[in-house]
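Here is a friendly briefing to read alongside the model. Have a look at the structure first, and then go through the points below.

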Amino acid sequence: MILVTGGAGFIGSNFVLDWLEQTQEAVINLDALTYAGNLENLASLQHDPRHVFVRGDICDRALVDRLLAEHRPRAVVHFAAESHVDRSIHGPGAFMRTNIEGTYTLLEGVRAHWATLDSGDKAAFRFHHVSTDEVYGSLGATDPAFTESHPYEPNSPYSASKAASDHLVRAWHHTYGLPVVTTNCSNNYGPFHFPEKLIPLMIVNALAGKPLPIYGDGQNVRDWLYVRDHASAIRAVLAGGRLGETYNIGGWNEKTNLEIVHTLCDLLDELKPDPAGSYRRLITYVKDRPGHDRRYAIDARKVERELGWRPAETFETGVRKTVQWYLDHADWVAHVQSGSYRDWVEQNYAERQAG
Ligand SMILES: NC(=O)c1ccc[n+]([C@@H]2O[C@H](COP(=O)([O-])OP(=O)(O)OC[C@H]3O[C@@H](n4cnc5c(N)ncnc54)[C@H](O)[C@@H]3O)[C@@H](O)[C@H]2O)c1
């Protein structure tokens with residue numbers, strides 16, 4: 001089995017669902033269920049014995065040790081993090097704690113566990129660290145895309161904390177020989193994305209007839225990857241990535257924020273037309289985020305060359321699926337907005353105890 005951290009979040013839950021569809025291997029899912037963790041994302045696994053959910057903090061070393069000793073996973077895939085840049089600007093403390101101290105705690109727990117394995121299991125073991133392209137800083141309009149050897153130049157408390165965690169992972173490989181791989185991925189989008197992030201926020205606001213707030217001039221550029229493609233990239237790197245290496249993962253889809261919002265409005269105009277007129281009428285420009293990085297672009301040739309991975313979705317196919325998913329899951333959105341998704345945990349535990 002494998003141990004996943006942060007598997008109730010956006011990418012983690014998509015990864016767990018994908019993993020259990022694609023493999024027979026069980027998953028221990030360690031997640032603290034912060035505001036960003038939503039067990040409703042995993043409701044379809046409620047009766048699947050291959051998924052074992054443990055509510056807990058990655059900074060809790062005793063818990064980490066206990067889970068590793070009890071379940072003896074052959075790999076750890078580490079998603080758990082505070083992940084929202086705006087929140088990191090308002091309250092960086094939680095980011096330092098989870099992203100840096102949490103990663104350190106896991107590395108130490110895994111190092112102790114790894115030392116107890118026999119040589120075959122030791123060689124096969126993997127610690128997969130899931131990171132972001134934001135550690136590389138910001139690009140000018142005509143700069144080449146980030147390669148794995150691009151200098152680390154993080155600009156936000158979020159990206160600085162992720163950069164620190166990447167360095168810890170690297171050091172635990174070089175110093176202790178821990179068998180690690182790291183992936184640095186561009187912006188993800190898709191089902192179960194918490195509606196504080198650009199794409200779900202715009203869909204949800206548009207459907208509610210609320211303003212679509214665009215930071216600054218809307219010309220900030222990001223590369224976008226459909227979340228299930230990120231899951232398949234992680235499976236590929238976990239299976240075949242070279243130890244101690246980092247792999248950039250991207251969708252070859254550079255878009256300005258304004259282009260993204262226009263695309264979403266046009267899809268909604270087609271799929272759920274509003275008698276009041278095009279959703280584009282709701283676009284409003286708001287004060288920019290401080291230190292807002294201008295452009296990220298990922299050069300994902302290494303993972304393609306070494307492991308043959310390429311995304312299955314184009315932006316057009318992925319974004320259409322995403323908009324349709326939000327239209328089909330108004331209940332999921334309503335539970336997130338009302339906060340009642342958090343009750344799901346209590347309900348779920350009550351049912352489990354009863355069963
Ligand atoms: N969202 C993106 O576009 C993107 C892109 C590249 C990389 N990443 C990275 O992928 C990972 C997952 O991102 P996401 O968007 O799914 O984030 P998310 O915020 O949706 O989910 C994070 C999950 O981690 C859990 N968590 C937070 N603190 C914890 C702690 N101390 N102990 C245990 N669990 C804790 C939360 O409950 C939540 O379920 C992060 O490491 C992030 O840096 C995200």
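Arg-242 is partly exposed at 43% relative accessibility, where partly exposed lies between buried, under 20% relative accessible area, and exposed, over 50% (1.4 Å probe, protein chains only). This is a predicted model, in which local features need pLDDT of at least 70, side-chain atom pairs count only at pLDDT 80 or more, and totals for chains, interfaces and linings use all residues. Residues are numbered from 1 along each chain as its sequence is written, and side-chain values use heavy atoms, with hydrogens and water left out.

**Salt bridges**
- Arg-242 pairs with Glu-306 in a salt bridge, with the closest N and O atoms 2.6 Å apart; the term means a side-chain nitrogen of Lys or Arg within 4 Å of a carboxyl oxygen of Asp or Glu.
- Glu-306, at 29% relative accessibility, is partly exposed too.
- Arg-97 and Asp-57 also meet through their side chains in a salt bridge (2.7 Å, N to O).
- Arg-97 has a relative accessible area of 36%, and Asp-57 has 24% relative accessibility.
- A network of salt bridges links Asp-18, Glu-21, Arg-228 and Arg-235.
- In total, the structure holds 23 salt bridges.

**Nonpolar core**
- The largest nonpolar core has 53 residues, and Ile-2, Val-4 and Phe-15 are among those with the most contacts inside it.
- Such a core is a set of buried Ala, Val, Leu, Ile, Met, Phe, Trp, Tyr and Cys residues joined through side-chain atoms within 4.5 Å.
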